[in-house]
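Reader: I am new to this structure. Could you take me through it in short steps?

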Amino acid sequence: MYKHLIFDLDGTLVDTLPSIIESINFALKHFKKPYRYTLKDGPNLVGYGTPYLVKTAFKDPNCDLDKILKIYMICAFFKIITCLIFYKKMIFNKNVSAIFL
């Protein structure tokens, strides 16, 4: 019997694009940027890593990437972890630990 499982759910088994878009919009609002993104914009923003996402979304090559990443990651973490907890409860019994990547 397996005691540990490792999954890469991001975009594979779980559609995280809405959480990513909400998180980048949260960061934009936090830094008082006027533009917002929708799900239609997602394919142009994702797939190249978080630093690329932030640089592209903020449209400012001189933005403070570290500060923006912190705000973005806090929001994204809470949105995605909530989803993962839901899936763990749905799929696994309490005797199995799972690591979601």
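Reader: Which residues have the most contacts inside the largest nonpolar core?

Author: This is a predicted model. Its largest nonpolar core holds 19 residues. Helix 1 (17–30), helix 3 (50–58) and helix 4 (65–91) each give at least two residues to this core. The residues with the most contacts inside the core are Ile24, Tyr37, Val54, Phe58 and Tyr72.

Reader: Which residues does Ile24 touch, not counting residues up to four places away in sequence?

Author: Ile24 is one of the residues with the most contacts inside the largest core. Set aside residues up to four places away in sequence. Ile24 then touches Tyr37, Leu53, Val54, Ala57, Phe58 and Tyr72.

Reader: Where is Val54, and is Val54 buried or exposed?

Author: Val54 lies in helix 3. Its relative accessible area is 0%. Buried means under 20%, so Val54 is buried.

Reader: Which residues is Val54 in contact with, leaving aside its neighbours within four places in sequence?

Author: Val54 belongs to helix 3. Leave aside its neighbours within four places in sequence. Its contacts are then Ile24, Leu65, Ile68 and Leu69.

Reader: What distance separates the C-alpha atoms of Val54 and Tyr72?

Author: Both residues are among those with the most contacts inside the largest core. Along the chain, Val54 and Tyr72 are 18 residues apart. Their C-alpha atoms are separated by 8.3 Å.

Reader: Are helix 1 and helix 3 parallel or oblique to each other?

Author: Two packed helices are described by the angle between their axes and the distance between the axes. The axes of helix 1 and helix 3 come within 11 Å. They cross at roughly 55°. An angle under 35 degrees would count as roughly parallel, and 65 to 115 as roughly perpendicular, so helix 1 and helix 3 are oblique.

Reader: How many nonpolar residues does the contact of helix 1 with helix 3 have?

Author: Helix 1 passes helix 3 in a right-handed crossing. Helix 1 brings Ile20, Ile24, Ala27 and Leu28 to the contact, and helix 3 brings Leu53, Val54, Ala57 and Phe58. By class, this contact has no polar residues, no charged residues and, as the number asked for, eight nonpolar residues.

Reader: Which residues is Ser23 in contact with, leaving aside its neighbours within four places in sequence?

Author: Ser23 sits in helix 1. Ser23 is buried, at a relative accessible area of 0%. Beyond its neighbours within four places in sequence, Ser23 is in contact with Tyr72, Cys75, Ala76 and Lys79.

Reader: Which residues does Asn25 touch, not counting residues up to four places away in sequence?

Author: Asn25 has its place in helix 1. Its relative accessibility is 14%. The cut-off for buried is under 20%, so Asn25 counts as buried. Not counting residues up to four places away in sequence, Asn25 touches Arg36 and Tyr37.

Reader: How many Å apart are His30 and Ile71, C-alpha to C-alpha?

Author: His30 is in helix 1. It is partly exposed, with a relative accessible area of 43%. In sequence, His30 and Ile71 are 41 residues apart. In space, C-alpha to C-alpha, they are 8.1 Å apart.

Reader: What pattern does the protein chain follow along the sequence?

Author: The secondary structure comes to four helices and two strands. Read along the sequence, the pattern is β-α-α-α-α-β.

Reader: What percentage of the residues of the protein chain count as buried?

Author: The protein chain has 101 residues. Buried means under 20% relative accessible area. The share of residues that count as buried is 31%.

Methods. Residues numbered from 1 in each chain as written. Predicted model: local features only at pLDDT ≥ 70, side-chain atom pairs only at ≥ 80, totals over all residues. Heavy atoms only, no water. Core = buried A, V, L, I, M, F, W, Y, C linked by side-chain atoms within 4.5 Å. Buried < 20%, exposed > 50% of the residue type's maximum accessible area, 1.4 Å probe, protein only. Contact = heavy atoms within 4.5 Å. Axes fitted to C-alpha atoms, helices over the stretch in contact; angles between N-to-C directions. Parallel < 35°, antiparallel > 145°, perpendicular 65-115°, else oblique. Left-handed = near helix turned anticlockwise from the far one by under 90°. Nonpolar A, V, L, I, M, F, W, Y, C, P; charged D, E, K, R; others polar.
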